[in-house]
Amino acid sequence: MPSADAEAQAPAFEPIADGRSACQVRLTLFEGPLDLLLHLIRENELEITDLPVAQVATQYLEYLDVLRELHLDVAAEYLVMAATLAWIKSRMLLPADSELGEAEEIDPRAELIARLLEYQRFKEVADQLGRLPLLGRDVFAPPGVELEPPAEGEREIEVGLLELVEALRRTLRQARASEAMHEVVTEAVTVRERMVAVIDALEQSEVVELDALLCGPDGRSSRSLVVATFLAILELARTAALRIYQSLDASGAPRGPIRVRRVAPAPA
Amino acid sequence: MDPTERRRILEALLLASPEPLTAQRIARIVPELSVRELDGEIEALNAEYEATGRAFRVEEIGGGYQLRTLPELAPWLAELQPAPPLRLSRPALETLAIVAYKQPLTRAEIEHVRGVDVGAVLRSLLERRLVRIAGHREVPGRPILYATTRRFLEVFGLAELGDLPTLREIEELLRERAADAVEEPAALAVADPPDDDGLGLDDDDDEDDVDSFARSH
């Protein structure tokens, strides 16, 4: 569709006419089809809310052609958008259905416009996030003291399976006691859910006592909750997301509360 | 405990902690420092730092407090870091922005907004603990839901998610910018003196005529 102001529109890419090389092309890299569309809209000083689809579609396809000429892979997403633009363009050419009243006429561009507006918003948010003073880039925090176990005697050791099972048994006994109240509520607890909960608890504070973890967040516990949590902790220990400790007493025997500690992830 | 001593202990705790300290945690360690009094103590510390030109401040981060260096010192501190400085790519920032505002949400929902595949970006954000898995949506296929982490607040220096600008504020900003863009060309045409010899039609500008006269003679 030729339009009167066709020459006025700057293409999204242009050969650099400085005489040095005829095949130099200034190519802006885009984050995806929506980003490219926003760029075309900005370049042509168009209103997103009144998008001239035919005009934008032509330039969009020209851009894809340049990518192909440069033997660059055009990602599938760009092709899907090209098809969408072609579809909208054809819909706009069709005469309005006289059966439908004007009010019921749905603008075929509506969904695309909504997506463009939404994407534009988050692009702006991303810009603002990028300008914040980032930890590790713009600001730095003290690394803190090493939380290595202190010397002899009070040293924490990794706990044995027996002590773990003993802790489970103790908590289960308490759970049974509270179940004597006979509350008939079925709650399905999954190990996966409890894994998320344990991780969350360890996000809050690095070291948590095993007993505190086994009880639910509100201190109440049911048999299934305790078992699921116990399995969740074992699973997390297996994947090295946490470690389980207990102190040694003077004679070297494990004693005192069993603690669960978050394993610091390797620095990114 | 005298107030100076109390403030010194608070400072030491902040200095030695590897992560932001919550008011509750501080109160547990120093019972004389109640949650209620803490705000005032933090302010007093910051006032002291400012008055004496210290290189750091106490910041409220993710519901806790942490000592942080001032941004203008970054160039020197970057030299000190063993790891390359934190870099967040454009796709990473866009994906984080979407997750931060719409969490919890599925990968497909992020992709719908960005218009591109976000698998690799999400994986790297998960690895860097900026995004976490927050369960599943109870629909067929039980897709994974993603949310931001406390680490996200730490890295971006936010006390809470509410510190981010609202989407309405963002929209207003975009509208203002669009309005500015419309006005700008006109404003430029008026403001720019036609001193460009090659292009300026400066017949009616006496001063410029004199100027170009002086230059050519």
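This is a predicted model: local features need pLDDT of at least 70, side-chain atom pairs count only at pLDDT 80 or more; totals for chains, interfaces and linings use all residues.

1. Perpendicular helices in chain B. Let me begin with α5(B) and α7(B), which are roughly perpendicular to each other, because the angle at which they pack is about 80° and values from 65 to 115 degrees count as roughly perpendicular. Helix α5 of chain B covers residues 90-102 and helix α7 of chain B covers residues 119-127, and their axes lie 10 Å apart. On the α5(B) side you will find B:Pro91, B:Ala92, B:Thr95 and B:Leu96, which meet B:Val121, B:Leu122, B:Ser124 and B:Leu125 of α7(B). By type, the residues of this contact are six nonpolar and two polar, with no charged residue.

2. For the complex, the predictor reports an ipTM of 0.72 and a pTM of 0.62. Chain A has a mean pLDDT of 75, with 69% of its residues at 70 or more. Chain B averages 82, and 83% of its residues score at least 70.

3. Stretches to read with care. In chain A, pLDDT stays under 50 over residues 1-27, a stretch with 23 contacts beyond four places in sequence. Residues 149-154 of chain A also stay under 50, with five such contacts in the model. In chain B, the stretch with pLDDT under 50 is residues 186-217, and the model has 10 contacts beyond four places in sequence for it. Helix α10 of chain B (residues 206-216) has the lowest mean pLDDT among the elements of that chain, at 38, while β4(B) has the highest, at 96.

4. Chain A as a whole. Eight helices and six strands make up the elements of chain A. Read from the N terminus, their order is β-β-α-α-α-α-β-α-α-β-α-α-β-β. Of the 268 residues in chain A, 23% are buried. Among the contacts of chain A with a separation of 6 or more, 64% are between residues 24 or more positions apart.

5. Where the chains meet. The interface brings 36 residues of chain A into contact with 42 residues of chain B. The largest share, 12 residues, comes from α4(A). By type, the residues on the chain A side are 21 nonpolar, six polar and nine charged.

6. The sheet β1-β3-β2 of chain B. These three strands form an open sheet in that order, with antiparallel pairing. At the edges stand β1 (21-22) and β2 (56-61) of chain B; each has a single partner strand, so one side of each is left without a neighbour in the sheet. Six bridges join β2(B) to β3(B), which spans residues 64-69. Two positions to look at along this pairing are B:Ile61, opposite B:Gly64, and B:Val58, opposite B:Leu67. In the hairpin of β2(B) and β3(B), two residues lie between the strands, and B:Gly62 takes a positive phi near 50°.

7. Helices on that sheet. Helix α1 of chain B (residues 3-16) packs on the sheet and touches β1, β2 and β3 of chain B, its direction making about 75° with that of β3(B). Helix α3 of chain B (residues 35-51) also packs there, touching β2 and β3 of chain B, and its direction makes about 150° with that of β2(B).

8. The sheet β4-β6-β5 of chain B. This is an open sheet of three strands in that order, again with antiparallel pairing. The edge strands are β4 (105-106) and β5 (131-136) of chain B; since each has a single partner strand, one side of each is left without a neighbour in the sheet. Two bridges join β4(B) to β6(B), which runs over residues 144-148. In this pairing B:Thr106 stands opposite B:Leu145. Helix α5(B), from point 1, packs on this sheet and touches β4, β5 and β6 of chain B, with its direction at about 95° to that of β6(B).

Definitions and conventions. Residues are numbered from 1 along each chain as its sequence is written. Chains are lettered from A and ligands numbered from 1 in the order in which they are written. Axes are lines fitted to C-alpha atoms, for helices over the stretch in contact, and angles run from 0 to 180 degrees between N-to-C directions. Helices (H or I, at least four residues) and strands (E, at least two) are DSSP runs, numbered from the N terminus. Angles under 35 degrees count as roughly parallel, over 145 as roughly antiparallel, 65 to 115 as roughly perpendicular and the rest as oblique. Two residues are in contact if their C-beta atoms, placed from the backbone, lie within 7 Å. Ala, Val, Leu, Ile, Met, Phe, Trp, Tyr, Cys and Pro count as nonpolar, Asp, Glu, Lys and Arg as charged, and the others, Gly among them, as polar. A residue is buried if 20 or more other C-beta atoms lie within 10 Å of its own, exposed if 12 or fewer, and partly exposed in between; C-beta atoms are placed from the backbone. pLDDT is the predictor's confidence in each residue, from 0 to 100. Two strands pair if DSSP finds at least two bridges between them.
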